[in-house]
Amino acid sequence: MVLQLNFPSSLGDEIVALRKQDTRNLGLSGWQSRPYTCQPFSWFDEVYRSVEQHLGTIDSFWFNVNAQGEGTGWHSHSRYQTVAVLYISVPSGDIEFKDGASYWCETPKLGELLVFPGKLDHRVRPNDSTEQRISVAFNFKGK
């Protein structure tokens, strides 16, 4: 399922500023914030409430920033029935899915909230652009 969400134009800048505060050493998978189990940012409140309104109670969320050449390897969120990714900046990098012998990919667009079952294996292809790819990932309780 794909939903289109509006978000403040400053959201990407806020996420990049948060990333700059994080001094952890990053690998080729880019930067992921720590997972948050509550919403501590005033600049994210509007988006957080909108996502919960559409999909139910958020269990955890985190921010992702991928520079050129960075992507995310195969993984799933099998503890959760529903997960979603909101795309804040999408210069390149499809998301790929596999379920047994089935395989497909999606090309995300700006403002899309891509919703899928947590059991699905997925990965994000490396960012081929010099522009940063920015997204927010969500895990949902129950539902």
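## The largest pocket

By class, the residues that line the largest pocket are twelve nonpolar, nine polar and one charged. This description rests on a predicted model, and in that model the space in the largest pocket comes to about 250 Å³. The lining is made up of 22 residues, and those that lie nearest the centre of the pocket are Asn-64, Thr-72, Val-85, Val-124 and Ser-135. Two or more lining residues come from each of the elements E3, E4 (72-75), E5, E9 and E10, and strand E10 gives the most, with five residues.

## Helix H2 and its two sides

Helix H2 spans residues 45-55, and within it Val-47, Tyr-48, Ser-50, Val-51 and Leu-55 are buried. These residues lie on the same side of H2, because the arc they cover around the axis is only 165°. As background to this pattern, an α-helix has 3.6 residues a turn, so residues three or four places apart point the same way. On the other side of H2, by contrast, Arg-49 and Gln-53 are exposed.

The cover over the buried residues of H2 includes both helical and strand elements, among them helix H1 (11-21), strand E1 (2-4), strand E3 (58-66) and strand E5 (82-89). Strands E8 (112-117) and E10 (133-140) also belong to this cover, and E10 is the strand that gives five residues to the lining of the largest pocket. After H2 comes Gly-56, whose phi is positive, near 105°.

## A salt bridge within H2

The count of salt bridges in the model comes to four. In one of them the side chains of Asp-45 and Arg-49 meet, with an N to O distance of 2.8 Å. Both residues belong to helix H2, where they are four residues apart, about one turn of the helix. Asp-45 counts as partly exposed, because its relative accessibility is 28%, whereas Arg-49, with a relative accessible area of 51%, is exposed.

## A network across distant parts of the chain

A further salt bridge, at 3.5 Å from N to O, brings together the side chains of Asp-94 and Arg-125. This pair links distant parts of the chain, since Asp-94 lies in the loop between E5 and strand E6 (95-99) and Arg-125 in the loop between strand E9 (121-124) and E10, 31 residues apart. Asp-94 counts as buried because its relative accessibility is 16%, while Arg-125 is partly exposed, with a relative accessible area of 33%.

The side chains of Arg-123 and Glu-96 also meet in a salt bridge, with an N to O distance of 2.3 Å. Here too the pair links distant parts of the chain, with Arg-123 in strand E9 and Glu-96 in strand E6, 27 residues apart. Arg-123 is partly exposed at a relative accessible area of 31%, whereas Glu-96, at 2% relative accessibility, counts as buried. Through salt bridges that share partners, Asp-94, Glu-96, Arg-123 and Arg-125 are joined into one network.

## Asn-127 in the loop between E9 and E10

Asn-127 is placed in the loop between E9 and E10, and because its relative accessibility is 0%, Asn-127 counts as buried. When residues up to four places away in sequence are not counted, Asn-127 touches Asn-66, Ala-67, Gln-68, Gly-69 and Glu-70, and its contacts also include Pro-91, Ser-92, Gln-132 and Arg-133.

Terms used: Residues are numbered from 1 along each chain as its sequence is written. This is a predicted model: local features need pLDDT of at least 70, side-chain atom pairs count only at pLDDT 80 or more; totals for chains, interfaces and linings use all residues. Side-chain values use heavy atoms; hydrogens and water are left out. Buried means under 20% relative accessible area, exposed over 50%, partly exposed in between (1.4 Å probe, protein chains only). The arc is that of the directions from the helix axis to the C-beta atoms. Contact means heavy atoms within 4.5 Å. On a 1 Å grid over the protein atoms alone, a cavity is a set of points where a 1.4 Å probe fits but cannot get out, and a pocket is an open set with protein on both sides within 12 Å along at least five of seven lines; lining residues have an atom within 4 Å of a point. Grid points are joined across faces, edges and corners, and a volume is the space filled by probe spheres set on the points. Ala, Val, Leu, Ile, Met, Phe, Trp, Tyr, Cys and Pro count as nonpolar, Asp, Glu, Lys and Arg as charged, and the others, Gly among them, as polar.
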